Amino acid sequence: MQVQEAGGSEHWKRVKKQLRAELGDDVFTSWFARVDLEEHQDGTVRLSVPTRFLKQWIQNNYNDRLMGLWQRECDNVHRIELTVRGAIRPRQTPTNKASLAGPAGATPVTVDTRNDNLGDAAQVTRAQAATAALGRGDTGGDSTRDVLQGAALDPKYTFDTFVEGESNNLALAAARQVASGGAVTFNPLYLHASVGLGKTHLMQAVAAKARASGRKVLYLTAEHFMYKFVAALKSQSALAFKDTLRTIDLLLIDDMQFLHGKQVQQEFCHTLNALIDGARQVIVAADRAPSELDTLDDRVRSRLSGGLVVGIQEPDFTLRRNILTSRVETAQKTYPQFAVPDTVLDYVARHVASSGRDLEGALNRLIAHNQLTNQPITQEMAEMTLRDLVRSSEPRRVKIEDIQRVVSKHYNVTKADLLSARRTRTIVRPRQIAMYLAKVMTPRSLPEIGRRFGNRDHTTVLHAVRKIEEMARADYALAQELELLKRMLDA
């Protein structure tokens, strides 16, 4: 039996090069930089990793990709095995024991991992050892205080700079109450919105106010949470990481949709339960409702749905206009001569309608043009400067055929069913929803929509539209389903 490790190393170099190209440097460095080729023999590739967590992560997320790349290099590869390096600890020597004791005169710290049912003193000792490991090594911090620092807060994101409107007033009220402290009422508070609608602004405003009042606050993005957890595992300080998380008063996790990995999600769920059961506040933000986060474990979704779930909708014209006015007033503190005519503000608010972030981007362009050219801001200048942004913000033209296709696929019916005269409930409801979407997402008239749905009368379409509108007001699940279908059609 011949071991092909020498030749396999060349294959492994090419596989890693392809992985780096496909995944990018950051992802590759996080998950594959410490993966080594141990053996390539008789169609089996054996790779080793430093931790059990890394092994589990790669098996769950990249096993198929690894297999495909290896088979591209070697036709005979049919199996990939992952093992953990150094799974068996070396026997402890007197030198090892001395190194555990630390500096001269320090109290030796010993950890007995044979029995998880430790007494209080032993648990404290174990936590001290883990804390020491966290402080000395691979996480980049000098103590558990590094964990509590979390992600940096933008000083611009405060309640004073947040502009309230009809689409975000409930989210703002809930965030203010959480930031003020007192009894924990909404736990967890779950904010969801599309990009640029203010959820991160609210999260950081809560964190800043709560931290100023003396509360122990941790604000993290989901990716930051994963990085911290993986770093703690690598430095054998996971216990200190977990213990630190459970001592905070307010935990804020942003961009929840990026939380991946079974073990990371399990640890997040345990932390969530511990904080909520201990009457500590948790706020989570994502780009969609918990029920739509398909990558999350069912237990995590259920726990997140059990609190107050608040959506932030796209801003209407009034809110967009108020946001622009507020940002102009802020800009004038830096550029006292900066001025924007009301007609230009109305033009921007009317045509840049997707998000508050795009509004700020549009205003920044006007500021730059004004300051660099010393020309006053006019309607013509705004139209020229913002032409690509205005064009990109125009809604996608949705066709009735697109609506019929998406609705048919979503409800597992055929287009022929939607156009037919069948009156079964499983057909009527999707047909009414398709007619409703055709009315609100296309410029087509009621008679034309009726003709496109099996030559129905316009009164049938009007009845369907009113029926779905009425049901959506009373049924939150249906309202969310309609929003999902709209996003699918806009994509």
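How many disulfides does the count come to, and which residues of H10 and H11 make the contact?

A: The model is predicted, so local features need pLDDT of at least 70 and side-chain atom pairs count only at pLDDT 80 or more, while totals for chains, interfaces and linings use all residues. Residues are numbered from 1 along each chain as its sequence is written, and side-chain values use heavy atoms, with hydrogens and water left out.

With a disulfide taken as a pair of cysteine sulfur atoms within 2.5 Å, the count comes to zero. Cys 74 counts as buried because its relative accessibility is 7%; buried means under 20% relative accessible area, exposed over 50% and partly exposed in between, with a 1.4 Å probe and protein chains only. Cys 269, at 8%, is also buried.

Now the helix pair. Helices here are DSSP runs of H or I with at least four residues, strands are E runs of at least two, and both are numbered from the N terminus. Helix H10 spans residues 222–234 and helix H11 residues 238–245; their axes come within 7 Å and cross at roughly 140°. Axes are lines fitted to C-alpha atoms, for helices over the stretch in contact, and angles run from 0 to 180 degrees between N-to-C directions. H10 is therefore oblique to H11, the class left over once angles under 35 degrees count as roughly parallel, over 145 as roughly antiparallel and 65 to 115 as roughly perpendicular.

On the H10 side the contact (heavy atoms within 4.5 Å) is made by Phe 225, Lys 228, Phe 229, Ala 232 and Leu 233, and on the H11 side by Ala 238, Phe 241, Lys 242 and Leu 245. These residues divide into seven nonpolar, no polar and two charged. Nonpolar covers Ala, Val, Leu, Ile, Met, Phe, Trp, Tyr, Cys and Pro, charged covers Asp, Glu, Lys and Arg, and the others, Gly among them, are polar.

As for the setting, the chain has 24 helices and eight strands, and 43% of its 491 residues count as buried. Of the contacts with a separation of 6 or more, 72% join residues 24 or more positions apart.

Ala 472 lies in helix H23 (residues 458–474) and is buried at 17% relative accessibility. Beyond its neighbours within four places in sequence, Ala 472 is in contact with Leu 478, Ala 479 and Leu 482. The C-alpha atoms of Ala 472 and Leu 482 are separated by 8.2 Å. Thr 385 belongs to helix H17 (residues 379–385) and is buried at 16% relative accessibility.
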